[in-house]
Structure formats: C-alpha cells, structure tokens
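Subject: Structure for your files

Hello,

Here is the structure I said I would pass on. My notes on it follow below.

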Amino acid sequence: MDTAAARHVLGYATGYGVAQIAPFVLSLRAVFQGAVALVVDPDPAMLEFLAAHDVGVVPRAPVTGWRPHVAVERLATFDALLRGMPADASVLLTDVRDVVFQANPLSPAPTAIEAFEEPGTCGDHRFNMKYITALAGPGIADVIRDRPALCVGTVAGPAGELARMCRTLLMLSARPRSAMGGAFGADQAAFNIAAHLDLVPVVRCPNFSRVATLGLVEGGTLTIKGDRILNPDGGVSPVVHQYDRHPHLHAHIRALWSVDLPERRQVPAHPVLSRLRRHAESIRRRIPELR
C-alpha cells in the first residue's frame, strides 16, 4: 500500500557537521512525512539535531581488516537496512551533503529501480571510465562508453530490488583488488556496469525528472523562482543533486536552510596520515596484481 509509512529515505552522512546536512534534513522534512534514516558520527550536536527532526540514526558499523571508501562501504549498510523492510517499500538511497528537496521525493512511488541520468555519456566522464576499465576491463568499458552516464548518488526503487542492487555493486566494486575496488569512484563505475549490462534491471530516467543532477549543467541555465531551483525548461524536480557546484544556488540554499549555522569543512582527523595513505593506495593501483 502506498502510504507515508511505506516510504523511506536513506543516506550516509559520516564526517559532516550539522550545517552541512541541515539543508538536506530541513528541506526533506518540509515535504516528506515518511521514514528518514542517516548513518552519522556519534556527535552530540548532530544527534540532537536529528532527533528534533524525527530522523533515525544508524551507527557506522565497526569493521576490522579491509575497509573500503565510505562510498562503497555504505552499500553494505544500505543492504542491511533494506532487507529489514517490506520488499515493496519505496526507498530513495541518496547522497546527503549536496542534496536538497523541493517536493516529496517518492511521489509517485517508484515501481522499479530508477537510475537517473546525468549530462553526457560514460565515455565523457574520464574518472568514471578509469574505474569502469579497472573493474571490468577495456572491452566492457568500450561496450558502455556511449551509454548515458548514470549517477549512483541518487537511486529510487522498491526495497527488495535495491537490496539486490547493493549486493551486486559490492561484488563488482571489490574487484580486482581492494585498493582499487574499494576506492572512491568504484561505486559509480559498478552502478553503470550493472545497469548497462542488465546485471541489475533499471529504468533509466532522464535528468530533470524525479532528480535534477546539476554538477555538469551550465550554471546560467539554472534559475531561482521563490524558494525553488528551476530546471532549464522552467520545471521543478523534487530532488536537486549537486547544487553546490553552482555558487548562486549554493548561496540560495544556505540562506534558505542553514544561514544561522556555522560552516564546517570536512577535515581528516590525521591530514598527514591521510595523504600518505592515499599515496600508498595510488602506488598499489599501478603495481601489477599477483594472482
């Protein structure tokens, strides 16, 4: 039954402060009465803010041994949460920091996994192609090079199908080795591989449908009317992703939803160790893998 109780929005928001997620939470709660759950750090200010807006808190699962980038790690958490829901529950899996809502994101309820296109083809995104080639090889990369680029940052669908999708992406993104497969970018590559090779059945939705993905859209075509960000054709998408790539939109959203909250930049707990770790991972990716 299509009710508010059967709709869920899930996001992963570790490493962020209240100001960074306030636009997401406040804009969502202005238009959505369903369940919302975020994976966050155990920061008292964050927990108090989420409780005040009826947002469920999911602790980050402890992991020993290999730990992939958070973009890949979140797929395992999403899978566990999704399997605890009715298979036909409507769910949006979404980024948090750069997402804002302008209408109910799950109305109408999706009947299949909806994969949202972003500007260009897979081949137009050099970073994406790097990981597609690493995960599946140059032959597969050539097969999907001219297919529409799909964004894993916002995916809607029935819970049961999304859970299977998450497991498939985890399997794909763990290859060929943890240093490459678990890195930032592997999730996006795995999503495009799975969708375009029909490993995961999806409905491809054009940009500016349920979701507007703005990162590569010409900023001059994006305007504001009242409180809403308009698409180039003057329409309004319920979900706006990557608005912060455009200074005028970022300023608008901050003024609308978080003007009274201090900005906080995401800084690694150990900056030097973080840089050394990234350098070591880069070297490992360039060393032939022993099998």
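A search of the whole structure, which is a predicted model, finds zero disulfides.

Next, the helix packing. Helix α3 spans residues 70-83 and helix α6 spans residues 159-173; their axes come within 9 Å and cross at roughly 150°. Because that angle is over 145 degrees, α3 counts as roughly antiparallel to α6. The crossing of the two is left-handed. On the α3 side, the residues that meet α6 are Val-72, Leu-75, Ala-76, Phe-78, Asp-79, Leu-82 and Arg-83. On the α6 side they are Ala-159, Leu-162, Ala-163, Cys-166, Arg-167, Leu-169, Leu-170 and Ser-173. Sorted by class, the contact of α3 with α6 holds eleven nonpolar residues, one polar and three charged.

Thr-77 also lies in α3. With a relative accessible area of 13%, under the 20% limit, Thr-77 is therefore buried. Leaving aside residues up to four places away in sequence, Thr-77 touches Tyr-12, Val-39 and Val-58.

Eleven of its eleven residues are buried, so α8 is largely enclosed by the rest of the structure. The buried residues are Ala-186, Asp-187, Gln-188, Ala-189, Ala-190, Phe-191, Asn-192, Ile-193, Ala-194, Ala-195 and His-196. Just after α8, Asp-198 takes a positive phi of about 60°.

Helix α4, residues 126-136, packs against α8: the two axes come within 8 Å and cross at roughly 70°. That angle lies in the range 65 to 115 degrees, so α4 is roughly perpendicular to α8. From α4, the contact uses Asn-128, Tyr-131, Ile-132, Leu-135 and Ala-136. From α8, it uses Ala-186, Gln-188, Ala-189, Ala-190, Asn-192 and Ile-193. By class, the contact of α4 with α8 has eight nonpolar and three polar residues, and no charged ones.

Regards

How values were computed
Residues numbered from 1 in each chain as written. Predicted model: local features only at pLDDT ≥ 70, side-chain atom pairs only at ≥ 80, totals over all residues. Heavy atoms only, no water. Disulfide = S-S within 2.5 Å. Axes fitted to C-alpha atoms, helices over the stretch in contact; angles between N-to-C directions. Helix = DSSP H or I, 4+ residues; strand = E, 2+ residues; numbered from the N terminus. Parallel < 35°, antiparallel > 145°, perpendicular 65-115°, else oblique. Left-handed = near helix turned anticlockwise from the far one by under 90°. Contact = heavy atoms within 4.5 Å. Nonpolar A, V, L, I, M, F, W, Y, C, P; charged D, E, K, R; others polar. Buried < 20%, exposed > 50% of the residue type's maximum accessible area, 1.4 Å probe, protein only.
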